[in-house]
Amino acid sequence: MKINRKFKFIVLLVFVFIISQLQIVPSYAKGYSKTKGNIKLDLCQSIKENKEKFKVNEEFTINYTIDPEDILKQNIVKESRKKEIVMVIDTSGSMGWNLEGNKCSNKEASRLGIVKKAANRFIDEFKNSNEDVKISLIEYASSAYIKSDLVDKSKFDSLKKKINKFQAGGGTNIGDGLRKAYYKLKNSSTKDAKKYIVLMTDGEATGYSYVYKNGIFEYLQENRKSYYYNDKDDLKRGYQYAKLICNDIFLDSSVNIDNFMIGFTKDSNRDKLKELANISDGTYREALNENDIDYVYNQIAESIKSDFSVNNVKFELNLPKGIKAVKVPENFQIKDQKVIGDLGSINYNFNSNKDKYISSSKKEFSISLKGAKEGKHDLKNTAFITYKDIDESAAKNFFSQSIKLNIGNSNNDNLINLELCQSIGENKQDYITNEEFMINYTINPMDVLRKNIDNSSNSKDKEIVMVIDTSGSMGWDLDGKEYSREPSRLNIVKKAANRFIDKFKDSDENVKISLIEYASKAYVKSDLVGKNGFGSLEKEINNFMAGGGTNIGDGLRKAYYKLKDSSNKEAKKYIVLMTDGEATAYSCIRNDKGYVYLQDDRDKNYYYNRYDNDFARGQKYAELISEMIASDTSIDINNFMIGFTKDSDVNKLKKIANICNGTYMKALNEKDIDNVYNQIAETIKADFSINNVKFELNLPKGIECVKSKLPENFEVNGQKVIGNLGSINYNLNSNEDKYISSSKKQFSISLKGTKEGSYDLKNTAFITYKDIDESEANKFFSQEIKLNIEAPYNNNILIIKQGIFVNKKNAKDTEEYITREKNNTIDIVDKYSSKLGILFNMNSNGKINLNVSVNKDSNKNVQIGLDENKIDLYKVDKNKKLILENQPIISKINDNIINIQSKNILSQGQYILIYEMTPNLNSNSINNLQIINEASFDKIKDSLKVNICKLPDLD
């Protein structure tokens, strides 16, 4: 018998080869439409952690995206919308078990009970389809039984009733189920229908069908009713038989069948079912529970309902030695250094508005990896997908983005992992010039394992010097009024500063605070004191009085030496300075060279300008002290500069902060100053922080920032948007043994397009900061944000005439194309289609945005049929001839109103828009009826009276 099968197979192969060489009939992918081009897919891979350095055995995640591009209508030749589906459902004995493979209790649903519901919902998916769908039903156990021939929608309920009567019992003869499904489709009289087999099983093939020919055993392959099948489980022959039938399906070039094989529950044999799917060029899908089986059936239904699909898309990742896969998605497998996955189908549907085939089957998944040993790697071109293109050619596309990895054992290799995301608020990409849109940015800090942090650098001892401005302007109110009943700036700051101190009273850390006030010069009001002395600090603050200049440099100088001279060298050190203005004073001494700025730690015997403001020297002195702090490598001080009220000079204070690697924060009112002091306290209290995180956006020419809507602490410099994002704080969660951050950053920037064109904001924005090891980090917002900026719609339009369109061959005047009565009235016949036209003049170049309201008053005695595919726009040339413009973008606002937009900019001149309407008067309408049609360009409106006349009753 083996010799006979081999001979038959060879003959079949030779026949297929000869036919293929004749090249009489072109071959296309199963179930696909022909195309003049190939499927184009955008493939992207990126690393979630947004870094390249990892420790050995530290996990990281690679994100993959497959984004199908649109396909132009002219590149697709439509096939028949007829579809035939055979559902093949396993009713073997194990289908009576529960999901865990045990006998069902009274309250538990059996596997078959779950599948019945999912199969019925699958049938319901096609009830409201606009396609001609027929479904056949086969159940199989030890053998297969056709429960229904191919029936249309009118009999779908009878299919569901039959499914609900299924009972579990017997073996699992997958081959027989496939055989009968194959012949059901092969023998169908509808040869141009797309054909599908959807088989599900909860196990593996244990049964087979056979006959005796001349006394010789032979697997059953032909279509016959009389045959034998085995009573006892035979895994080997069951699997062989199923493979043979799958091979028959694949080799039969007279019928193209798309196969879907569903493995249900953990007991289904994934490897064998995948092999069966592969042999028949089908798609394997796995479902472990009730939600899964519903989802899988739904996905298959979506694939079948689509205009065309690319099925059996497969993923493969070949990892370099030293990199191991840890976690993979469902339907994926790890085989040594390979990760293999089945991605199912990519479905396309026609969008008449865009005149394109569009796919919503964007694929997104992630794979977790780790470095098993030290080394450098690049994952560029290590992953790819395979599928059959529409022209039947084998396609193989690579993920070509570079992902560099540096696996090592250093203690602090890029420990801070930040997930950066940018998205467009309006969720669209088409805008007109000067139309504003919002870009949303999110910075989400990832957890840091405790073992990856060097705790020796995270001292619980902390020393803070509060430096508070008590200059004369601090006695004014927030608006700068010297004599006011409103609280003074100093009183507001006193409350905020006291609440800041209170934040550390209940801390489990050893915190000491010193207090300095400054005006024309600085005064140390308190040395560094612990919690027991916090009450005295608050009393000192409450005694502050406003008066004098603003010697920022002197306040910084004394704060610096207070921390430098501290005996606790392990303590983390902080300066928190606030001011309501800018530096107006400076400190100096006299030596043999004359007067020089004071930089040493003396508290007495120095000069300062007491009365006259000197902005230039005041700023220069503050910058000099700031530079002295930054250059001292023997001490690491974290500096915070608070600009309070609108009178504080943002640019000058930012400069001082930047010089000493500090963080500038702005507070305009009482609520702000409280919030800023609170944020600083949270940063100081954190186990560790990343300070001075900065944002930068480099806009392409043609895109501008809306300055009036910038976030706080942001500014615009030419095409750059720059912002200070403050700190990212981490605290230890001992239960999870991780450092966790609650410092998620979210902000938005308003932009507008000033020049027509296409733009992409991918990698135009980034953040900078210093990592824990002091290395400079630079991370980009890498998500695509595509923008199309177009000219605004033209409102300089005049509607000349509406009426019935007449296609005149030799029109001498444009208005001859449109006929109507003098009182803007036309007559049309009930139940007959009429072509109507709108003649309008464009006085300048631009786009149109036209609303056509048919039966504007929604008269209920008539229904109006509008064919969106029969709306055309013509330009009238100088010879009064009509020139067809590009198909406009058409969308229904509701049953009565259609919106028409031109795709391109139209030149000035006259145009005619033609549309067809078919009235249908209700049977109870005795007399003729008048309705109103209205055409409107923004505020420009024109009405047309339409009389609907009934034909006389000739009976």
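Reader: At roughly what angle do the axes of helix 11 and helix 12 cross?

Author: In this predicted model, helix 11 spans residues 615-631 and helix 12 spans residues 650-659. Their axes come within 8 Å of each other. Angles under 35 degrees count as roughly parallel, and helix 11 and helix 12 are therefore roughly parallel to each other. The angle at which the two axes cross is roughly 20 degrees.

Reader: Is the crossing of helix 11 and helix 12 left-handed or right-handed, and how many charged residues are in their contact?

Author: Helix 11 passes helix 12 in a right-handed crossing. Helix 11 brings F615, Q619, A622, E623, S626, E627 and A630 to meet K652, K655, I656 and I659 of helix 12. By class, this contact of helix 11 with helix 12 has five nonpolar and two polar residues, and the number of charged residues is four.

Reader: How are helix 10 and helix 11 oriented to each other, and what is the handedness of their crossing?

Author: Helix 10, residues 552-564, has an axis that comes within 7 Å of the axis of helix 11, and the two cross at roughly 20 degrees. With under 35 degrees as the cut-off, helix 10 and helix 11 are therefore roughly parallel to each other. The handedness of the crossing of helix 10 and helix 11 is left-handed.

Reader: Which residues of helix 11 make the contact with helix 10, and how many residues of that contact are nonpolar?

Author: On the side of helix 10, the contact is made by I552, G553, D554, L556, R557, Y560 and Y561. Helix 11 contributes Y621, A622, I625, M628 and I629. By class, the contact of helix 10 with helix 11 has one polar and two charged residues, and the nonpolar count is nine.

Reader: How many of the residues of helix 4 are buried?

Author: Helix 4 covers residues 174-186 and reaches 18 Å from its first C-alpha to its last, close to the 18 Å expected. Among its buried residues are the charged D176, R179, K180 and K184. Helix 4 is largely enclosed by the rest of the structure, because the buried residues number 12 of the 13.

Reader: Where is P329, and with which residues is P329 in contact beyond its sequence neighbours?

Author: P329 is in the loop between strand 18 (323-327) and strand 19 (332-335). P329 is partly exposed, with a relative accessible area of 22%. Its C-alpha atom is separated by 8.1 Å from that of G341, 12 residues apart along the chain. Leaving aside neighbours within four places in sequence, P329 is in contact with F365, S366 and I367.

Terms used: Residues numbered from 1 in each chain as written. Predicted model: local features only at pLDDT ≥ 70, side-chain atom pairs only at ≥ 80, totals over all residues. Heavy atoms only, no water. Helix = DSSP H or I, 4+ residues; strand = E, 2+ residues; numbered from the N terminus. Expected span 1.5 Å × (residues − 1). Buried < 20%, exposed > 50% of the residue type's maximum accessible area, 1.4 Å probe, protein only. Axes fitted to C-alpha atoms, helices over the stretch in contact; angles between N-to-C directions. Parallel < 35°, antiparallel > 145°, perpendicular 65-115°, else oblique. Left-handed = near helix turned anticlockwise from the far one by under 90°. Contact = heavy atoms within 4.5 Å.
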